[in-house]
Amino acid sequence: MIRLALAFTLLALPAMAQEWRPQRVAVLQALDKVTARITLLRATLNQPERFGSLTITVRSCFARPPDEVADASAWMEITDSRAAADAPPAFRGWMFAQAPGVNMLQHPVYDIRILECRSQ
């Protein structure tokens, strides 16, 4: 009985061993909802990237190792130049490639989504 429990525990280890690796570049998909234009952006950490009236700054970007299920997550701050000067950022938080609906930008004109994180 103990061997069976140990076997099940060892089988579960690879699933629990999932890790996130820090990366330097986020690949983002930007959508202009008015024109239906989709643009791929390469955002280097802490370097503001512009899309329309948005300024996107990726502060952290993590990816899964190649031998695990592909996924990416990024901490972003997105501001809108059309917003009032004292307005909070349009978005601040984590976005996840495999779960885009968990935490997303709520904007009437633009949509931003993380696709992947890369080393360069």
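**Disulfide and overall fold**

Reply: Cys61 and Cys117 are both buried, where buried means under 20% relative accessible area, exposed over 50%, and partly exposed in between (1.4 Å probe, protein chains only). This is a predicted model: local features need pLDDT of at least 70, side-chain atom pairs count only at pLDDT 80 or more, and totals for chains, interfaces and linings use all residues. Residues are numbered from 1 along each chain as its sequence is written, and side-chain values use heavy atoms, with hydrogens and water left out.

Me: How many disulfides does a search of the whole structure find?

Reply: The search finds one disulfide, that is, a pair of cysteine sulfur atoms within 2.5 Å. Cys61 is joined to Cys117, with an S to S distance of 1.8 Å.

Me: Is the link of Cys61 and Cys117 left-handed or right-handed?

Reply: The link is left-handed, with -85 degrees about the S-S bond. Cys61 belongs to strand S5 (residues 54-63) and Cys117 to strand S8 (residues 110-118), so the pair ties together parts 56 residues apart in sequence.

Me: Which helices and strands are there in the chain?

Reply: The chain has one helix and eight strands, in the order α-β-β-β-β-β-β-β-β along the sequence. Helices (H or I, at least four residues) and strands (E, at least two) are DSSP runs, numbered from the N terminus.

Me: What percentage of the 120 residues is buried?

Reply: Buried residues account for 32% of the 120 residues in the chain.
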